[in-house]
Amino acid sequence: MFNPSKHLRQFGIGVFLIAAFSRVLSALHLRKFFCAYTNWKHKYLSNWLWKRFAYTVKYDKDTKHEVEDDGYVFVFWYQGVQSAPPVVKACIASVKKWCVNRKVVVLDKGNFREYANMPDCVLERLRNGEISIIHFSDFLRITLLREHGGFWIDATNFLLKPIPEYALSYSFYSLNGAYDRDLGFKWTSWFLYAKKGDVIINNMYHFLEEYWKKYNTILTYVFWDCWLTALYNHVPKIKEMIDSIPKTDNSCFKLNENWHLLAEGDNLKYIEDGFFINKLTYKGNLPERIVDGKLTIYGKILSMYNI
């Protein structure tokens, strides 16, 4: 939640006005200008963060970890799976099906401490309502991958196929190209693989820990990505690692974009021939499950797991 007075007090008038103008453009539905301005804003804030947190950067892997992973796939739904919306339950079921050869751990508010040694400052921010569950999970995924390695898969990701085996050959892997058309990020925070001691994960951890010690509100919604952008732009090793990830496109959004269609004929290609991972949502006006007595693709997704 954006808190104007807190944001102004902690980040100053310049950064506050940049954030406020972005919200004005969004409210006016000026999409073309909003996208261009948002890209500029992220670059500006990335540099802003670098000037203040470059001291946290460590160029070598964390020596207390081996460069391996413990075989985990982590999924997180703070309230617990029983309280999750239907589409989230289907997504989690799909992860369990297609990651059968790994240890799928579904985390919630009651068990995340069993796997992640979260800094006291972050837990205190969470208790005080100073960090949202979304931004808490941003830190949680980094902590889990730093300590265990493995996969982080958001609870709104629906798998249609196994994760490609080549992902395991990288120290850090994500989807390079999913956001090329808009945000320009060469990764997705909602699907990550890393080995313990990975230099990217290690540096994300040190930054986030220092950030939440200093501030109790977010700089911008995607400040996680802004810092990774800073690392990409200023640390040649990290740029090389990210650029080495195979390029993809925005196919991970196709299922969500077309799930209002009837699940028949050519429309079935979005399920039968879809990308291995698909970013869905549980928010907004979701499609009908059944239209004119026939399943929509949304309904088909749920029915695949008896939901």
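**Close-up 1. Asp292 is an exposed residue in this predicted model.** Its relative accessibility is 75%. That value is over 50%, so Asp292 counts as exposed. Asp292 sits in the loop that runs between strand 8 (290–291) and strand 9 (294–295). The backbone of Asp292 has a positive phi of about 55°. Asp292 has this positive phi although it is not a glycine.

**Close-up 2. Asn306 has a positive phi.** The angle is near 55°, in a residue other than glycine. Asn306 belongs to the segment after helix 11 (297–303). Is Asn306 buried or exposed? At 78% relative accessibility, Asn306 counts as exposed.

**Close-up 3. Five residues make a nonpolar surface patch.** They are Phe21, Val24, Leu28, Leu30 and Phe33. The patch covers about 480 Å². One of its members, Phe21, lies in helix 1 (residues 4–27). Phe21 is partly exposed, with a relative accessible area of 41%.

**Close-up 4. Tyr37 and Trp40 form a tilted aromatic pair.** The whole structure holds 39 aromatic pairs. In the pair of Tyr37 and Trp40, the ring centres are 5.6 Å apart, with 35° between the planes. Both residues belong to helix 2 (residues 31–53). Tyr37 and Trp40 are three residues apart there, so about one helical turn separates them. Tyr37 counts as buried, at 15% relative accessibility. Trp40 counts as partly exposed, at 41%.

**Close-up 5. Phe139 and Tyr205 meet edge-to-face.** Their ring centres are 5.4 Å apart. Why is the pair called edge-to-face? Its planes stand at 75°, and planes over 60 degrees apart count as edge-to-face. Phe139 lies in helix 5 (residues 133–148), and Tyr205 lies in helix 6 (residues 199–214). The pair therefore ties together parts that are 66 residues apart in sequence. Phe139 and Tyr205 are both buried. Arg146 also lies over the face of Tyr205, at 4.2 Å from the ring centre.

**Close-up 6. Lys103 lies over the face of Tyr72.** How far is Lys103 from the ring centre of Tyr72? The distance is 4.4 Å.

**Close-up 7. Ring pairs link a set of aromatic residues into a cluster.**

Terms used
Residues are numbered from 1 along each chain as its sequence is written. This is a predicted model: local features need pLDDT of at least 70, side-chain atom pairs count only at pLDDT 80 or more; totals for chains, interfaces and linings use all residues. Side-chain values use heavy atoms; hydrogens and water are left out. Patches are made of residues with over 30% relative accessible area and no salt bridge: like charges are joined within 9 Å, nonpolar side chains (Val, Leu, Ile, Met, Phe, Trp, Tyr) within 5 Å. Accessible areas come from the Shrake-Rupley method with a 1.4 Å probe; for residues, only the protein chains shown count as cover. A salt bridge is a side-chain nitrogen of Lys or Arg within 4 Å of a carboxyl oxygen of Asp or Glu. Helices (H or I, at least four residues) and strands (E, at least two) are DSSP runs, numbered from the N terminus. Buried means under 20% relative accessible area, exposed over 50%, partly exposed in between (1.4 Å probe, protein chains only). Rings of Phe, Tyr and Trp (its six-membered ring) pair if their centres lie within 6.5 Å; planes under 30 degrees apart count as stacked, over 60 as edge-to-face and the rest as tilted. A charge sits over a ring if NZ of Lys or CZ of Arg is within 6 Å of the ring centre and within 35 degrees of the ring normal.
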